[in-house]
Amino acid sequence: MNAFGQLAVERQSAPLKRQRTHQSCPEGQVLPSECQHYAKGSKVRSQEVTCGGLERDKMLTAFSTPLRMRGSRQIFLNLFCILWLTLLLKAASSSPLPHGNDPPAPSLPSGLYKGHTCVGCVLVVSVIEQLAQWHNSTVKAAMERLCNYIPEKLQGFCYVLAELYGPHIAELIDKEMNADVVCHSLKLCKQDPGQPLCHLYPPPKVGLSTAIRKAKKMMKTSKDLKSFMGFSSVCTFPLVANLCEKIKHVIRNKLPFEDFDGDKFSTFPTLRGYHWRGRDCDDKNATVYPGRRPDNWDVKSDSNCNGIWGVDPKDGIPYEEKFCKGADSQGVVLLGDSAGAHFHIPPEWMTVTQMSAKSFSNLPMAFTDEFDWPQFSEITGFLNSTIGGWTDSLYLRLRRRNRCNHRDLQNISQNGGSSGNLRYLIKSLARNQLLDNPAIVIYATIGNDVCNGNRDTLAHMTTPKEMLSNVLQALQYLDSHLPNGSHVILTGLVDGRFLWDNLHDRYHPLGKYEVLWGPPGYLPGHVAFSP
């Protein structure tokens, strides 16, 4: 009997085994972990780059590295950092790409994307400004400091943006123009027709419109920046066109980027991998995945990835049959929004007094998980939270009750999700009516049908009739795809009065930051982002 043919329920978070290939730097030091993925014997040039200036060597390294890396995973991870923000914010839909006669999927509100882009820009520029003040440095040095805080995998991307946007940002801040003006001049904050200009800070003395016009005139003199504004068309280049389509597919379908056998499960954690769905234990076999009924009681191999397989030599009974027969094994599936996806941006990312390289160490993971932390969520969480609190999820409770449920989880949630786009998002569900175990499905779109990201919220709310239709269509789809014995739990919309009464004076998930200095009229203190 194989030594592994015993009850071996491993942790979901068990690290992947990778071959380490140690190579030496010119100075004789061991290269960082990225070098583990280089082909053995390849020649690697590595050097420490200081930030006395925005060195182009480091920027070029960020782009050339993927050409030397092994496998699509590392190539994607580097290019993903360059393409992700543009495509994520401009994706036409959050749901699967239409096929055949399928109707086009409803888009997330454009206001939601524009609002998040604007707020993100204002926060980053504010942090740069505050870093300069806190460390008594120039704006350029503050940008370099911020790039140094970011993990090495993303530093090249940061240096490119700093090289292109940096001089413009520095010039405007030196002229005492605030973050709102900077981001409007970069066209990352936009004004809807007939609506006032959006701003987070008090307008400059000359007025917000006047300040923005002056800033835009300065921007026109920057050739590099002007050419970079056409970045959104980068996907027209043949070399990255297929990759862009793949990214769009991941964004819209909410399916794993790395899924070699097409069973909707992955061995990679982020990019809609096993942070969102149970980890695959054989990504080369589409009949092996979490949640399926065991194949011949898993006598020879683990077909459902719960870690139980083999035969007990004492009585000849398969372990799967001995421990799981009649145990009512069932998985848990969440269909939800940002609450279910566990959206969170750590406060230390926004608080200059707490910033360090350590505080940004989890940025690549968060970046490729859409700034969600489903592995800590209340429904499908399976890891102890590193962002505060002990994870006590529905999945973990089912797993403690019955270890045969190991890895049987799916979090099909997205930021901004509503009953409308969930009708399409639900198609990424991985459940075979005949071969898989039953599942407990939580339907929880708790707020975006009301708070929809449009300026005229009332005019764009989902009507009761539309809500009923959307939910019934989702239930019909589930009824035709879930195995017998499954259950669906519907969560109603949250009462807005309850949210306001309990959350209006608390910090938004974006966290907090201190206003250390600013133009006349600024008061030191904290800025709270209300829901």
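Okay, let's start with a charge and a ring: the charged end of Arg 272 sits over the ring of Trp 276, 3.5 Å from the ring's centre. By "over a ring" I mean that NZ of Lys or CZ of Arg is within 6 Å of the ring centre and within 35 degrees of the ring normal. Lys 246 does this too, with its charged end over the ring of Phe 257, 5.2 Å from the centre.

A quick word on the model. It's predicted, so local features need pLDDT of at least 70 and side-chain atom pairs count only at pLDDT 80 or more, while totals for chains, interfaces and linings use all residues. Numbering runs from 1 along each chain as its sequence is written, and side-chain values use heavy atoms, with hydrogens and water left out.

Now, ring against ring. There are 7 aromatic pairs here; rings of Phe, Tyr and Trp (its six-membered ring) pair if their centres lie within 6.5 Å, with planes under 30 degrees apart called stacked, over 60 edge-to-face and the rest tilted.

So why is the pair of Trp 349 and Phe 360 stacked? Because the planes are at 15°, with the centres 5.9 Å apart. Both residues lie in the loop between helix H11 (338-341) and helix H12 (363-367), 11 residues apart; helices here are DSSP runs of H or I, at least four residues, numbered from the N terminus.

Trp 349 is buried, at 5% relative accessibility, and Phe 360 is buried at 6%. Buried means under 20% relative accessible area (1.4 Å probe, protein chains only), exposed over 50%, partly exposed in between.

Next, Phe 367 and Phe 371 pair edge-to-face, 6.0 Å centre to centre with 75° between the planes.

Key: Helix = DSSP H or I, 4+ residues; strand = E, 2+ residues; numbered from the N terminus.
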